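Reader: I would like a close look at one part of this model, with the criteria spelled out. Please start from the surface and work along the chain from there.

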Amino acid sequence: RCWKYDWVVEFDIKAAFDQIDHGLLLKAVRRHIKADWILLYIERWLTAPFETADGARLPRVRGTPQGGVVSPMLMNLFMHYALDTWMQRHFPQCPFARYADDAVVHCRSEAQAQAQEVMHAIASRLAECGLEMHPEKSGIVYCRDRSRTQAYPNVTFTFLGFLFRPRRVMTRSGQLSTSFLPGVSRDALKRMRQTVRGWRLPRQTFRSLVELADQCNPTIRGWWNYYGAFYRTAMQGLGRYLDRKLARWARCKYKTLRRHKR
């Protein structure tokens, strides 16, 4: 879609899980559930008070607890009526993708994406449903590449762990060019390095290389299958980081590999 549409409206909903209106949410639930006992349990679960660190109990009048087992389903049900079906009715010409409270909308022109059209309309719709568009995590992005060369300040956006931006690519004829492509984001790489650091590989000298592979490969394979699906070059930094950790493990396990000062 970024190759077909020049502009993207990216937005995040501020504190979405905490701001969901219980009345509107239960109205959406009732469209799909008719059993009174299920509706009763959902309502009780939503309105149950929460306890602070000092033992005080506070009533819950809005929101669904983030981290609760049912919260993602209720969030998606609420957003289906608050945004998805509304977008299909009012902007059928603008394809969009949403994951929980994070979404991107594709537009043909800057005028269509700007405040007077899509972005302003979405912000107004969210306000009608008791939600607020996050001012710092929302904006308009120009999908710049070799055929779209105008100068605009914002040419990148992040969605589902991928950073979308202009990237250097090799064409079929062997020439360097620029294409608007997704690749693993910096934050995702940082989280993966933190996971690798938590494995403490250099300290596991009691394990064999095969045992380390059995421990780490399922996670590494999952990362590669997901983030390596697009622009695999962006994953090279993680590979080098893993290599350094394994090299330290080898130096600690096989001390003959250490360099001795002359």
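Reader: Which residues gather in a patch of positive charge on the surface?

Author: The model is a predicted one, in which local features need pLDDT of at least 70, side-chain atom pairs count only at pLDDT 80 or more, and totals for chains, interfaces and linings use all residues. Residues are numbered from 1 along each chain as its sequence is written, and side-chain values use heavy atoms, with hydrogens and water left out.

The positive patch on the surface consists of Arg 200, Arg 203, Arg 248 and Arg 251. Patches are built from residues with over 30% relative accessible area and no salt bridge, like charges being joined within 9 Å and nonpolar side chains (Val, Leu, Ile, Met, Phe, Trp, Tyr) within 5 Å. Lys and Arg count as positive, Asp and Glu as negative, while His and the chain ends are not counted. A charge is placed at NZ of Lys, CZ of Arg, CG of Asp or CD of Glu. Accessible areas come from the Shrake-Rupley method with a 1.4 Å probe, and for residues only the protein chains shown count as cover.

One of the four, Arg 203, sits in the loop between helix H7 (186-199) and helix H8 (209-227); helices (H or I, at least four residues) and strands (E, at least two) are DSSP runs, numbered from the N terminus. Arg 203 counts as exposed because its relative accessible area is 63% (buried is under 20%, exposed over 50%, partly exposed in between, with a 1.4 Å probe and protein chains only).

Ser 185 lies in the loop between strand S9 (176-184) and H7. With a relative accessible area of 5%, Ser 185 is buried. Its side chain reaches the backbone nitrogen of Ala 188 at 3.2 Å, a polar contact (a pair of N or O atoms within 3.5 Å; within protein, one must be able to donate a hydrogen and the other to accept it, and residues adjacent in sequence count only if both atoms are side-chain atoms). In helix H8, Glu 211 has a side-chain polar atom 2.9 Å from the backbone nitrogen of Ser 208. Glu 211 is partly exposed, at 38% relative accessible area.

There is also a nonpolar surface patch: Tyr 99, Leu 160 and Tyr 226 make one of about 320 Å². Leu 160 belongs to the loop between strand S7 (157-159) and strand S8 (162-170), and is partly exposed at 36% relative accessibility.

As for paired charges, the structure holds six salt bridges, each a side-chain nitrogen of Lys or Arg within 4 Å of a carboxyl oxygen of Asp or Glu. Among them is the pair of Asp 84 and Arg 98, whose closest N and O atoms are 2.9 Å apart. This pair links distant parts of the chain, with Asp 84 in helix H4 (residues 71-90) and Arg 98 in strand S4 (residues 96-99), 14 residues apart. Asp 84 is buried, its relative accessible area being 10%. Another bridge joins Arg 148 to Asp 145, again with closest N and O atoms 2.9 Å apart. Arg 148 is buried at 7% relative accessible area, and Asp 145 is buried at 11%. Asp 6, Asp 145 and Arg 148 are linked in a network of salt bridges. In the bridge between Arg 57 and Glu 51, the closest N and O atoms are 3.8 Å apart, and both residues are exposed.
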